[in-house]
Each structure stands twice: as structure tokens, then as C-alpha cells.
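User: I have a model open and want to go through parts of the fold. Can you take my questions as they come?

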Amino acid sequence: MSDASPHEGLSTLLHEARTFAPSPEFAAQANGTAELYQQADADRLAFWAEQARTYLTWEKDFEEVLDWSQAPFAKWFVGGKLNACVNAVDRHVEAGHGDRVAFHFVGEPGDTQDITYAQMHQKVQRAANALSELGIGKGDTVTIYLPMIPEAVVAMLACARLGAPHTVVFGGFSSDALHSRIQDAGSKVVITADGGWRRGKPSALKPAVDGALAQGDTPVEHVLVVQRTEQDVDWSEGRDIWWHDALAAAADTHEPEFFDSEHPLFILYTSGTTGKPKGVLHTTGGYLLQNAYTTSVVHDLHPETDVYWCTADIGWVTGHSYIVYGPMTLGATQVMYEGTPDTPHQGRFWEIIQDKKVSILYTAPTAIRTFMKWGKEIPEKFDLSSLRLLGSVGEPINPEAWMWYREVIGGGRCPIIDTWWQTETGATMISPLPGVTATKPGSAMRAIPGITADVVDESGEPVGRDAGGYLVITAPWPAMLRGIWGDPERFKETYWSRFPGVYFAGDGAKFDEDGNVWVVGRVDDVMNVSGHRMSTSEIESALVSHPKVAEAAVVGANDATTGQAICAFVILREDAVEEADEVGEGAELVAELRNHVAKEIGAIAKPRQILIVSELPKTRSGKIMRRLLRDVAEKREIGDVTTLADSSVMDLITEGLRAGD
């Protein structure tokens with residue numbers, strides 16, 4: 001059907017009949033109510049003004065909710081002044097909650113530390129004074145390159161207290177990647193550690209900083225070094241300073257300054273399709289507000305009673321928004337875990353949930369599918385009865401993983417919030433409200449109150465129900481990025497040029513017959529097979545719905561006949577691997593899986609080839625690197641593998657493909 005509509009394939013996919021309404025008990029205590037939709041629809045700007053005054057403490061009230069006169073450059077809560085650190089720490093101490101635990105820290109080697117808000121207050125004030133002594137003040141940028149330890153939060157909040165925008169670089173990035181970010185941000189100080197613990201071993205961090213700075217071309221004057229693993233490190237006298245020495249020498253009180261609502265809070269670098277990484281800029285008032293609001297109404301956080309655990313790394317936007325700025329602004333008690341889910345054993349997450357009585361868990365579909373692969377017997381050994389809400393973040397979650405999460409981890413009783421948002425949006429945009437929404441497995445459902453999202457076709461026209469296209473945000477929102485650091489033209493070109501006047505997220509999506517949103521991944525993850533547009537995520541969902549499959553990644557490879565052909569890479573569940581080895585059914589299983597996809601979706605979706613692999617190429621943050629799989633499928637030279645957690649995975653996949661030829 002070469003003359004098919006560009007969205008015809010999407011319009012026939014992703015139907016889901018199962019729905020799960022919140023229990024009356026959950027709905028009765030929920031922060032998010034149906035009335036919020038009505039209030040936001042009646043007067044969106046008045047709605048956001050009310051939320052801003054409800055969730056944040058302002059030193060000076062704002063005079064105007066939104067200035068959109070210089071679109072696409074927004075100004076929210078114009079004229080207002082506040083301090084993000086004061087909102088996240090000081091005000092809770094002043095309100096008498098200083099004894100509340102801010103973080104239950106669990107180190108990978110097994111060390112633990114409970115840090116109260118009063119203790120965080122002391123640490124942040126000392127850190128702010130230490131940075132001031134090094135010449136850091138309002139407008140100076142600081143690069144943070146740390147493992148998942150409490151000092152990472154302290155460093156971020158100390159920067160916010162000073163009005164010094166931080167740029168956190170994930171601890172798995174190379175010295176080259178670190179250098180380019182330090183250089184682009186213009187940081188005078190880098191905060192790092194000797195290392196962190198990973199899979200039972202110390203993983204060095206400072207050598208990457210040394211390597212980055214050895215390249216020159218940066219304004220870095222000082223490196224603050226947290227002592228975590230006690231590894232030997234090279235030392236540059238005069239430049240390098242131990243964190244604990246700097247804090248010990250600093251005054252223990254710090255008077256905060258209050259900043260304009262639009263004062264830069266942080267820069268976070270995200271990969272672009274071409275060229276250097278983009279420094280996404282977020283400012284203070286709108287970003288802080290939307291994260292506090294969504295932590296309350298989407299994550300249903302009750303700070304007096306909940307123990308909240310977002311398993312993201314501090315180096316990604318999820319760690320910024322739903323470890324530091326959202327939950328702490330509400331005064332939450334959180335878990336912070338340094339290590340990996342399988343160290344020292346595969347039940348580590350569930351053991352922590354049991355021990356710390358975690359009530360809200362926010363994690364990624366990649367992790368959930370990994371847990372599925374390991375088997376439900378592992379979480380069944382632990383008491384997970386404290387859980388009352390489950391969240392998913394980072395990529396679309398396939399319905400079978402959603403169901404496994406609900407039934408095995410949530411005991412069939414916990415609502416699931418499947419949240420869609422991005423580094424650029426700053427906070428959750430599309431998600432169920434857990435006390436209101438009857439959820440469908442695999443759907444992010446609808447835009448939250450105050451957000452206006454739509455799905456449009458190639459010409460920018462809304463597609464309506466039961467049709468697919470491009471996901472756009474049609475009106476400004478408080479946590480929106482304010483630009484790309486130092487490159488306003490790239491900001492306009494990247495996000496605002498495809499559909500003039502609206503923000504294009506770069507994701508494909510579909511409205512189902514009930515008007516719910518199904519996000520189908522990046523637009524380059526939508527394949528055109530014989531004129532039919534196919535979502536890689538749906539084919540992955542079909543594969544994972546097979547009882548023998550734990551995880552799947554699908555890519556479109558160039559094909560002379562069909563334009564693109566579907567190529568799948570599949571990890572089997574452990575019992576299926578043992579069974580296949582015993583009966584030698586590799587080829588038969590591949591045929592079975594191809595037919596299963598055809599049965600689930602249609603013959604047009606049948607993969608051209610399926611390769612059974614032991615692992616998939618993933619970055620250190622857990623994202624599957626599909627471009628590398630496309631290289632394999634199209635028999636090209638494998639591209640850059642430096643961001644992979646384990647680059648040897650690609651060698652194994654390539655060898656497996658050759659063996660199957």
C-alpha cells in the first residue's frame with residue numbers, strides 16, 4: 001500500500017481493553033483530584049498561579065503569571081523572587097520538620113546513613129560557604145561529576161543557594177564528554193569524588209576529571225574531591241581540594257540570596273541528532289513549581305507518611321526533578337541507593353524496599369523488564385506490602401511489563417503512573433492521576449491538569465481519536481526549557497521549527513479510541529514497512545508478551561523491497577534459555593516468535609529476522625542504543641560504543657549474527 005497515509009499503521013495499533021481504576025481507599029486520600037482538570041481548563045494561567053503560591057515559598061510575589069511576548073522564550077511568574085534551596089531545605093527546618101529524615105542513604109557496600117533535613121541544612125550551608133571561598137557566586141557555573149551519594153544533592157543545593165547554575169554530568173561519561181560539557185558551560189569549579197562503588201568494586205571518577213582538564217581550554221580553577229572509596233588519586237596542588245577539608249574550614253551558617261524566578265537553575269546536556277550535546281537550560285520558579293506540583297498530584301506524595309524512592313541517577317533529569325527538586329520541595333523522606341540492582345544479589349531493590357518501608361517506587365521500564373527476566377521468585381521472597389504506588393519513567397512501557405509490575409511488585413493493588421516527559425520539558429507532562437484515572441497498561445493516558453498536548457499529522461493538523469502522528473505541546477508550561485545554553489538559534493530550530501508555534505517533542509504518539517495517549521517512541525523509531533508505519537515499541541511489546549521473552553529491541557533496517565524491514569533482538573527468560581539449550585530449538589523458537597508477532601499485530605509486522613542474544617547494548621543509564629543495533633542489522637561498521645555500559649556486548653551480537661548467516 002504505497003499510497004497509504006503516513007500514519008495508517010499507527011492508527012490500527014495499540015488497542016488495549018484492560019483498565020484498572022483506583023480503589024476507593026486510594027482515591028479518598030489522593031492529592032490529585034478530578035477538579036484539577038476543571039480548574040485548569042477554566043483558566044490555565046490562574047490555575048498555575050494558584051499552584052505556585054500553594055507549593056512554593058516566595059520572598060517576593062510575582063506580578064505576572066506568563067510573559068510569552070518573546071516566544072518561544074518564556075518567562076513564568078514574572079517579578080517573583082525565591083531560592084530553590086530555601087524551598088527544598090530551610091523552610092522545612094523552620095516549620096519544625098528538621099528531625100524528619102530527608103534521605104535513607106544505602107551504599108552499595110552495605111553502609112547506610114540517615115540524614116535529616118536539619119543535617120542537610122547544615123551541610124548545604126557549609127558547602128555554599130566553601131564554594132563562595134573558591135569564588136563562586138551568582139551566575140557562575142559549577143560542574144558536578146559524582147556517584148549516587150548524598151554529597152551530590154548537597155552540591156546541587158549549595159549551587160542553587162548561591163544562584164550558581166550547576167551542570168551535573170553522569171558519572172559514567174568519559175573524560176572527553178566531560179571536557180566538552182565543562183567547556184561549553186564555562187565552569188570555574190568541578191565537584192567530583194575519588195570514585196563510587198559499582199558491582200562490588202570501586203569505580204574511579206577523578207581520573208576522568210584529570211583527563212578532561214588536561215585537554216585545556218576550560219576556565220576551571222579548582223576541583224573539590226569527595227572521599228568515597230579511598231582510592232589513590234593523582235593530586236594537583238593548588239587546584240585540588242578535599243571536600244571534607246573545604247567544608248570543615250567553612251562557616252556553618254549562610255544567609256541565602258533570593259533570585260528572580262527566571263534566574264538560571266541548571267544546565268543539563270542531552271544528546272542531539274547531530275553536532276555537540278545540547279545544554280538544556282532550566283530556570284528557577286517555573287521548574288521548581290511544576291516538579292513540586294507533579295510530585296504531589298502525580299506521585300501522590302504525602303511527606304508526613306511516605307517513603308519515596310526514585311531509582312534514577314542524579315546525572316539525569318529524572319534525578320534532578322524527582323530526587324532533588326520535586327520531593328525535597330515537598331519535604332519528602334527518600335531512599336538513595338548508590339549501586340546496581342544485582343549487587344550483592346538480584347533481590348537488592350526488594351530488600352531495600354522491605355527494610356526502608358518504601359511506599360512509592362519510581363523506576364524505568366528497562367529495570368522492570370530486567371526483573372521480569374530474573375523471575376518473580378526473587379521479589380516474592382521479600383515483603384513489599386509497604387508499596388502503595390508504582391511509577392514508570394524514561395521510555396514507553398510495554399503492556400506485559402506493566403502488568404508484571406502491577407501484579408508481582410504491586411500485588412495487584414498499587415496504581416501505576418506511566419509518565420511521559422523529557423529533559424526539555426523539565427517535569428511530567430502526560431500521566432494518569434493515580435486517584436482519578438482508570439489506567440490502561442502501556443498508555444500514559446492524558447496530559448496532566450495545566451498541560452495541553454496534542455497529536456498532529458505531517459501538516460500540523462490534529463489527528464483525532466484512533467489515529468497516530470507527532471506528539472506536540474500546544475501552550476507554554478512552567479518547567480519548559482528556556483533555551484539551549486549559548487545557542488538560541490539551535491533552540492528555535494530544534495524544538496519550534498517543525499510545527500510553527502508549538503513545541504515538537506520528537507516523539508510519535510497515538511490517540512486510542514478513548515482519547516488516551518500512547519507514546520510510541522522517537523520518530524526515528526517509527527518504521528515505514530511497505531508504506532505502513534510501524535512502532536518499534538509495539539513490536540517489542542508483542543515479542544515481550546510471549547512467555548519465553550524477557551526483553552526485546554526492534555530496529556528498522558534498510559530493505560530493497562519494503563523500504564524498511566523489521567529486525568528484532570531478543571533476550572529470553574532464564575527458564576526458556578535452559579529449555580532451548582536442552583532441546584536445541586533455536587531456529588524453531590525464532591519461527592515461533594515471528595509468527596507470534598504476526599498473530600499479535602498482523603503479517604506486515606512479522607520481523608524479517610530475530611536474533612536471540614544474551615544482552616542488549618545499553619548506556620550506563622540503561623537506555624538501549626538502537627543505532628548500534630541498526631548498524632548490525634544493516635551490516636555496517638559499528639559506530640561509537642564509548643557510552644555503553646559494556647562495549648563487549650556488541651562483539652557478541654555481531655558474532656551471533658554472522659553465525660546465523
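User: What is the strand order in the open sheet of seven strands?

Analyst: The order is 5-4-17-16-18-19-20, and the pairing is mixed. Strands here are DSSP runs of E with at least two residues, helices are runs of H or I with at least four, and both are numbered from the N terminus. Two strands pair if DSSP finds at least two bridges between them. This is a predicted model, where local features need pLDDT of at least 70, side-chain atom pairs count only at pLDDT 80 or more, and totals for chains, interfaces and linings use all residues. Residues are numbered from 1 along each chain as its sequence is written, and side-chain values use heavy atoms, without hydrogens or water.

User: Which strands are at the edges?

Analyst: Strand 5 (112-116) and strand 20 (416-418), each of which pairs on one side only.

User: How do strands 16 and 17 run, parallel or antiparallel?

Analyst: Parallel: strand 16 (residues 307-310) and strand 17 (residues 333-337) are joined by two bridges. V307 stands opposite T333 in strand 17.

User: Switching topic: where is L288? Is that residue buried or exposed?

Analyst: L288 is in helix 11 (residues 285-297). L288 counts as buried because its relative accessibility is 0%; the cut-offs are under 20% for buried, over 50% for exposed and partly exposed in between, with a 1.4 Å probe and protein chains only.

User: What is L288 in contact with, leaving aside neighbours within four places in sequence?

Analyst: L56, L82, A84, N87, Y325 and T329, where contact means heavy atoms within 4.5 Å. The C-alpha atoms of L288 and G326 are separated by 6.8 Å, with the two residues 38 apart along the chain.
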